[in-house]
Amino acid sequence: MRTAAVALVAVALLAVAAACGSSGVAQPAGSIKVTMTEYKFDPGTINAPAGKVVFYLVNVGSMSHDMVITQSDGTTIVGRSDLVSAGDEFVFTVDNIAAGSYKFYCAQPGHADLGMRGTLTIS
Ligand SMILES: [Cu+2]
């Protein structure tokens, strides 16, 4: 009985460690916070000044997501984030982005078609 209680406490502690383990990246000053869920980005329409743009990606969903930015043709990639695990955050920096219209989407299979896409306007 006592062994079982100790095991339960150990499991509880592990669960807490897992919950805070990989996250904890603070939002950088001047970054644009983008929340990722199944299956959308919030906001889905982003405006930013030309130059260096920093996205603070927060995955509050239950699956891994990423963010790929393309020219308005939808295929020429100008930036790609790391894969962000569920519950994790990632600071995604795009250097020297020029004024213009861009698109972004999640490159995980099927996600973009299910709605994980948006538009980025750089001015
Ligand atoms: Cu996704």
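Let me start at one pair of residues. Val68 stands opposite Arg80 in strand S6. The model is predicted, so please keep that in mind throughout. Val68 belongs to a pairing of two strands: S5, residues 68-71, and S6, residues 77-80. They run antiparallel, and three bridges join them. Between the strands of this hairpin sit five residues. Look at Gly74 in that hairpin: its phi is positive, near 85 degrees.

Now zoom out. The chain has one helix and nine strands. Follow the sequence and you read α-β-β-β-β-β-β-β-β-β. The chain has 123 residues, and buried ones make up 21% of them. What about contacts along the chain? Take those with a separation of 6 or more: 60% of them come from residues 24 or more positions apart.

Next, the sheets. Where does our hairpin go? S5 and S6 belong to an open sheet of five strands, in the order S3-S9-S8-S5-S6. The pairing in this sheet is mixed. S3 and S6 are its edge strands, and each pairs on one side only. From one strand to the next, the twist averages 25 degrees.

S5 and S6 are antiparallel, as I said. S3 and S9, by contrast, run parallel. S9 covers residues 117-122, and four bridges join it to S3. To find the place on your screen, take Asn47: it stands opposite Thr121 in S9.

Stay in this sheet for one more residue, Ser101. Ser101 is found in strand S8. Is Ser101 buried or exposed? Exposed, because the count is 11 other C-beta atoms within 10 Å, and 12 or fewer counts as exposed. What does Ser101 touch, leaving aside neighbours within four places in sequence? Ser72, Thr119 and Thr121. Ser101 and Leu120 are 19 residues apart in sequence, yet their C-alpha atoms are 6.1 Å apart in space.

On to the other sheet. This open sheet has four strands, in the order S2-S1-S4-S7, again with mixed pairing. Its edge strands are S2, residues 40-42, and S7, residues 89-97, and each pairs on one side only. Neighbouring strands here are turned by 25 degrees against each other on average, direction ignored.

Start with S1, residues 32-37. S1 and S2 pair in the antiparallel sense, over three bridges. Thr37 stands opposite Lys40 in S2. Now look at the loop between S1 and S2. Tyr39 is found there. Glu38 and Tyr39 are joined by a cis peptide bond, with omega about -10 degrees.

A cis peptide bond joins Asp42 and Pro43, with omega about 5 degrees. Pro43 lies in the loop between S2 and strand S3, residues 45-48.

Why point these out? Because most residues other than glycine have a negative phi, and most peptide bonds are trans. The phi part brings us to Asn96. Asn96 lies in strand S7. Its phi is positive, about 55 degrees, although Asn96 is not a glycine. Is Asn96 buried or exposed? Exposed, because the count is 9 other C-beta atoms within 10 Å.

Last topic, the inside. How many residues are in the largest nonpolar core? It has 18. Those with the most contacts inside this core are Met36, Phe55, Leu57, Met67 and Ile69. Which elements give two or more residues to the core? S1, S4 at residues 51-59, S7, and S8 at residues 100-105. S4 brings the largest share, four residues.

Pick out Met67 before we stop. Not counting residues up to four places away in sequence, Met67 touches Phe55, Leu57, Ser81, Phe92, Phe104 and Cys106. Have a look at Met67 on the screen, and then I'll take questions.

Definitions and conventions: Residues are numbered from 1 along each chain as its sequence is written. This is a predicted model: local features need pLDDT of at least 70, side-chain atom pairs count only at pLDDT 80 or more; totals for chains, interfaces and linings use all residues. Two strands pair if DSSP finds at least two bridges between them. Axes are lines fitted to C-alpha atoms, for helices over the stretch in contact, and angles run from 0 to 180 degrees between N-to-C directions. A nonpolar core is a set of buried Ala, Val, Leu, Ile, Met, Phe, Trp, Tyr and Cys residues joined through C-beta atoms within 7 Å. A residue is buried if 20 or more other C-beta atoms lie within 10 Å of its own, exposed if 12 or fewer, and partly exposed in between; C-beta atoms are placed from the backbone. Two residues are in contact if their C-beta atoms, placed from the backbone, lie within 7 Å.
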